[in-house]
Amino acid sequence: MAASTNWKEFVLSQIQRRNHKQTYPFTSLIQTNNRLQEIAASLQSKNVHLQVEVEKLKEETLTSHPRGDGQVGSTHQVEQKLFKVQEELTELLKKRGENAQQIIDLNALLQDKEKEIQHKDSMISDMRDNNLALKQSKRSLEMAIAELEATNQMLKDEHQALQMAFTALEEKYRKTQEDNSELIARWMEQKAKDADRMNAENADFIKIMEIIRLTNTTILLVEIANSYTPHYTFLTMIKQTKKCLHAQNSISFNFVLYYRVLLCSNAMLLKLFSVTDLKELFTLRNPDVKFYFDGFVPAVCVAASVPSRAQVIFEAHEGEVYAVQWNAMGNSFSTGGADRKIKIWEYHNAACECRGTLVGSNAGITSLDYSQDDTMVVGASNDFASRIWTVNDQRLRHTLTGHSGKVMSAKFLSEGKVISGSHDRTLKVWDLHSKSCVKTIFAGSSCNDLVTLYGSSIISGHFDKRIRFWDIRSQTDTSINEIILQGRLTSLCLAPDKTQLLCCARDDCLKIIDLRMNQVSCTLTADGFKVGCDWSRAVFSPDVEYAAAGSGDGHVYVWNINKVKVEKVLKEHSHSVIACSWNPTGTSIVSCEKGKKVVLWSDY
């Protein structure tokens with residue numbers, strides 16, 4: 001109610017103010033006009049009275065009779081009076097004309113003033129419209145200013161957050177530099193200890209050889225080992241021999257050789273002799289030597305050769321063949337294809353025979369890897385899972401599920417552990433004993449391939465053109481190092497000595513990274529070479545003298561790394577070559593294509 005009264009009073013006061021503003025300039029004019037109107041009215045009434053008197057006088061004159069001189073004088077007075085009255089009437093008429101003229105002038109002036117008022121009213125209306133437009137513009141500008149102030153505040157907050165992040169990164173960088181310096185110091189210290197230990201072992205080796213020479217004891221194993229095997233392997237054997245000498249206090253002793261690849265045994269002997277020949281040789285030449293062999297002997301490459309012809313061409317699967325991999329012994333290889341199967345092939349008498357089929361996957365196989373002792377094989381699949389089979393009985397042992405995208409690569413990390421990289425931008429570490437995922441690393445980009453380094457270190461290649469280095473012992477998901485290339489990564493291959501990394505990218509070139517210098521040491525390209533897909537695999541030769549990769553034109557290109565040029569182009573495929581694998585002996589290559597075909601290249 002109070003609000004209603006207030007607005008009424010406000011409107012009334014505005015109307016009164018407007019009335020006063022518009023009537024004030026004409027107040028004197030109106031008052032003058034009113035006085036003139038009153039004067040005119042009084043004069044008009046006087047004029048009427050005088051006319052009435054004149055008429056009366058005329059009537060009296062006409063009705064009266066002449067009566068001598070006295071009457072003449074009276075008539076003369078009347079005439080004089082009549083003349084005065086006429087003069088007064090004339091004067092009044094003159095004044096009436098003047099007043100009428102003044103009224104006309106005032107009416108004209110009034111009309112001019114009314115026109116001026118109308119013009120000012122129109123100007124006031126225009127000004128009001130302009131005022132409203134200016135108020136609206138003011139409001140829009142105020143809103144724009146408010147938005148700009150909010151944006152400015154947001155930018156200030158972001159700048160402050162970035163400044164804090166930059167400060168944190170600077171602190172992290174400083175700590176990383178300190179850790180790096182500490183690690184270098186520890187590494188140099190460890191190297192010095194290793195050198196001292198090697199010198200001590202060499203001294204022990206010389207002493208043991210002197211003891212053997214003085215005691216006239218001949219051991220064929222030591223003679224062969226001294227020629228073909230690294231010192232650190234046979235120093236262990238010599239120490240065992242020394243322990244036997246001290247234990248028996250006698251010149252004759254039994255020397256026991258337990259031949260396993262995990263202990264870095266002399267595979268070169270098996271390159272020169274068969275297992276049966278070694279047994280007979282050791283038994284005939286030295287009856288005191290006992291020989292134990294557990295069946296697993298890794299292949300050893302003295303010098304790799306580039307094959308020039310296709311030895312075997314066959315259809316391995318019912319659809320596209322995505323992956324191929326030799327085992328460590330070099331006597332068989334596996335292939336995986338779009339038909340959801342893994343097949344094990346053995347090369348014998350210039351032919352490839354299928355020795356088994358591993359089933360259980362629900363989609364195509366994208367990558368293959370053998371365990372260190374060749375007893376198991378792991379296959380990554382497009383059904384978001386990885387699976388592990390045992391080779392001897394061809395049984396499915398483990399199914400590793402947990403990824404939300406295609407698993408592009410899976411590798412054995414260490415004894416009892418597997419690492420997998422997926423299209424869902426994560427890496428997962430699996431424990432085969434508990435059959436569960438023990439660590440998930442968010443890499444930030446789709447992982448197309450990965451390799452394992454020293455059991456706890458991982459190198460992964462990604463869709464965003466980055467190579468990332470990981471330590472699974474770390475509690476964070478942050479990579480310890482990154483290298484950026486010009487194309488998205490399709491495959492990684494680690495040299496046997498773990499000092500070089502071969503990278504295949506979609507910019508149609510291979511790059512070799514020196515892991516000691518953390519930089520690209522060599523780039524391999526060729527006219528016509530084109531990477532055919534996002535999971536195209538390139539490989540080193542076992543002696544790291546050559547590199548091989550399949551091309552989208554159906555050829556296999558082999559480069560000489562030292563000369564940085566193409567050594568040979570192998571032409572037999574009719575479709576894009578996806579993957580190839582070099583035999584650990586260095587004598588043959590197996591390649592597969594998007595068709596059903598697999599080609600074994602060899603000159604032997």
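**Figure 1. Loop residue N518 in the predicted model.** N518 is located in the loop that runs between strand 22 and strand 23. The model shown here and in the following views is predicted. The phi angle of N518 is near 60°, a positive value in a residue other than glycine. With a relative accessible area of 34%, N518 is partly exposed.

**Figure 2. Loop residue A350.** The loop between strand 6 (342-348) and strand 7 (351-358) contains A350. Although A350 is not a glycine, its phi is positive, at about 60°. The relative accessibility of A350 is 42%, and the residue therefore counts as partly exposed.

**Figure 3. Salt bridge between D449 and R537.** The side chains of these two residues, D449 and R537, meet in a salt bridge with an N to O distance of 3.5 Å. D449 belongs to strand 16 (residues 447-453), whereas R537 sits in the loop between strand 23 (519-524) and strand 24 (538-540), so the pair ties together parts that are 88 residues apart in sequence. Both D449 and R537 are buried. The count of salt bridges comes to 21.

**Figure 4. Salt bridge between R468 and E482.** A salt bridge joins the side chains of R468 and E482, at 3.3 Å from N to O. This pair links distant parts of the chain, with R468 in strand 18 (residues 466-471) and E482 in strand 19 (residues 481-484), 14 residues apart. R468 has a relative accessibility of 6% and counts as buried, while E482, at a relative accessible area of 34%, is partly exposed.

Figure 5. D514 and R516 form a salt bridge in which the closest N and O atoms are 3.3 Å apart. D514 is buried, its relative accessible area being 14%, whereas R516 counts as exposed at 61% relative accessibility. Through salt bridges that share partners, D464, R466, R468 and E482 are joined into one network.

Figure 6. The open sheet consists of 4 strands in the order 8-9-10-11, and the pairing is antiparallel. Strand 8 (365-370) and strand 11 (395-401) are the edge strands, each of which pairs on one side only. On average, neighbouring strands of this sheet are turned by 20° against each other, direction ignored. Strand 10 (residues 385-390) pairs with strand 11 in the antiparallel sense over 6 bridges. T390 stands opposite R395, which lies in strand 11.

Figure 7. In soluble globular proteins, nonpolar side chains tend to be buried together. The largest nonpolar core here has 34 residues, and those with the most contacts inside it are L502, L510, F529, F540, V558, W559 and W582. At least two residues of this core are supplied by each of strand 21 (500-505), strand 22 (509-514), strand 23, strand 24, strand 25 (546-550), strand 26 (555-560), strand 28 (577-582) and strand 30 (597-602). Another core, of 17 residues, lies apart from it; among them are A316, Y322, W326 and F333.

Figure 8. W7, F10, V11 and I15 form a nonpolar patch on the surface, and together they have about 430 Å² of accessible area. I15 is part of helix 1 (residues 2-23). The relative accessible area of I15 is 52%, and I15 is exposed because the cut-off for exposed residues is over 50%.

Note on methods
Residues numbered from 1 in each chain as written. Predicted model: local features only at pLDDT ≥ 70, side-chain atom pairs only at ≥ 80, totals over all residues. Heavy atoms only, no water. Salt bridge = Lys/Arg side-chain N within 4 Å of Asp/Glu carboxyl O. Buried < 20%, exposed > 50% of the residue type's maximum accessible area, 1.4 Å probe, protein only. Patch = residues over 30% accessible without salt bridge, like charges linked within 9 Å, V, L, I, M, F, W, Y side chains within 5 Å. Areas by Shrake-Rupley, 256 points an atom, 1.4 Å probe, with all protein chains shown as cover. Pairing = 2+ DSSP bridges. Axes fitted to C-alpha atoms, helices over the stretch in contact; angles between N-to-C directions. Core = buried A, V, L, I, M, F, W, Y, C linked by side-chain atoms within 4.5 Å.
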